[in-house]
Amino acid sequence: MNEKGSILAEQLEYAIGALERTVEGLSDEEYRFKPTPVSNSVQWQLNHISRIVNISIPRLIKGVTDYTPKGWPEDYRDQDYGMDKLMADIKKGAKAAAEGLRGLSDDDLEAEIPLWGGTRQRKIGLFAYIGEVFHHRGQAAYILSLIHI
């Protein structure tokens with residue numbers, strides 16, 4: 001087990017725990033609420049986080065730019081999934097991603113991989129995507145705060 005990889009895994013697990021606490025007990029109305037017609041809902045935030053932990057982070061861990069989990073629907077982003085489904089997918093993806101992060105060596109983290117139209121160190125992409133989980137959890141919290149003003 002690599003210390004740096006373990007720290008990244010712990011950070012991801014912390015972000016998912018914060019997300020779980022944020023959405024705990026939401027009604028369907030709260031889950032689908034959009035502050036404006038062009039805004040994103042909590043549902044959209046969860047769908048996006050699910051794609052990050054199930055596709056984006058594993059692609060970086062594996063170094064495979066076109067990785068998708070077995071059986072993953074091509075139209076996942078466009079589906080009207082309920083909160084239970086999305087949270088189950090998030091938990092499953094985050095668990096696998098955390099295991100993968102723990103398996104990365106220092107050399108793996110420093111390795112240059114294809115990323116965002118060029119090459120970057122694997123750790124840079126991982127920092128960004130784990131940060132995205134926190135960011136979208138924060139957006140979900142903000143959306144919910146608008147309901148309870």
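Asparagine 47 lies in helix 3, where helices (H or I, at least four residues) and strands (E, at least two) are DSSP runs numbered from the N terminus. The model is a predicted one, so to speak of local features a pLDDT of at least 70 is needed, side-chain atom pairs count only at pLDDT 80 or more, and totals for chains, interfaces and linings use all residues. Residues are numbered from 1 along each chain as its sequence is written, and side-chain values use heavy atoms, with hydrogens and water left out.

Back to asparagine 47. With a relative accessible area of 4%, asparagine 47 is buried; that word means under 20% relative accessible area, while exposed means over 50% and partly exposed is in between (1.4 Å probe, protein chains only). Setting aside its neighbours within four places in sequence, asparagine 47 is in contact with Tyr76, Arg77, Gln79, Tyr81 and Leu86, contact being heavy atoms within 4.5 Å.

Next comes the packing of helix 3 (residues 42-62) against helix 4 (residues 83-102). Their axes come within 9 Å and cross at roughly 25°; axes here are lines fitted to C-alpha atoms, for helices over the stretch in contact, and angles run from 0 to 180 degrees between N-to-C directions. Helix 3 and helix 4 are therefore roughly parallel to each other. The cut-offs are simple enough: under 35 degrees is roughly parallel, over 145 roughly antiparallel, 65 to 115 roughly perpendicular, and the rest oblique. The crossing of helix 3 and helix 4 is left-handed, that is, the near helix is turned anticlockwise from the far one by less than a right angle (clockwise would be right-handed). Among the residues that meet here are Asn47, Ile49 and Val53 in helix 3, and Leu86, Ile90 and Ala97 in helix 4. By class, the contact of helix 3 with helix 4 has 12 nonpolar, 6 polar and 1 charged residues. In this count Ala, Val, Leu, Ile, Met, Phe, Trp, Tyr, Cys and Pro are nonpolar, Asp, Glu, Lys and Arg are charged, and the others, Gly among them, are polar.

Helix 3 has other partners too. The axes of helix 1 (residues 3-23) and helix 3 come within 13 Å and cross at roughly 160°, so helix 1 and helix 3 are roughly antiparallel to each other. This crossing of helix 1 and helix 3 is left-handed. Leu12, Ile16, Leu19 and Val23 of helix 1 make the contact with Val42, Leu46, Ile49, Val53 and Ile57 of helix 3. Sorted by class, that contact of helix 1 with helix 3 has 9 nonpolar, no polar and no charged residues. Helix 6 (residues 122-147) packs with helix 3 at an angle of about 170°, the axes being 10 Å apart. That makes helix 3 roughly antiparallel to helix 6, and the residues of their contact divide into 15 nonpolar, 6 polar and 4 charged.

Tyrosine 67 lies in the loop between helix 3 and helix 4 and, at 23% relative accessibility, counts as partly exposed. Leaving out neighbours within four places in sequence, tyrosine 67 is in contact with Asn54, Ile55, Pro58, Arg59 and Lys62.

Finally, the strands. Strand 1 (residues 112-115) and strand 2 (residues 118-121) run antiparallel, joined by 4 bridges; strands pair if DSSP finds at least two bridges between them. Glutamate 112 stands opposite glutamine 121 in strand 2.
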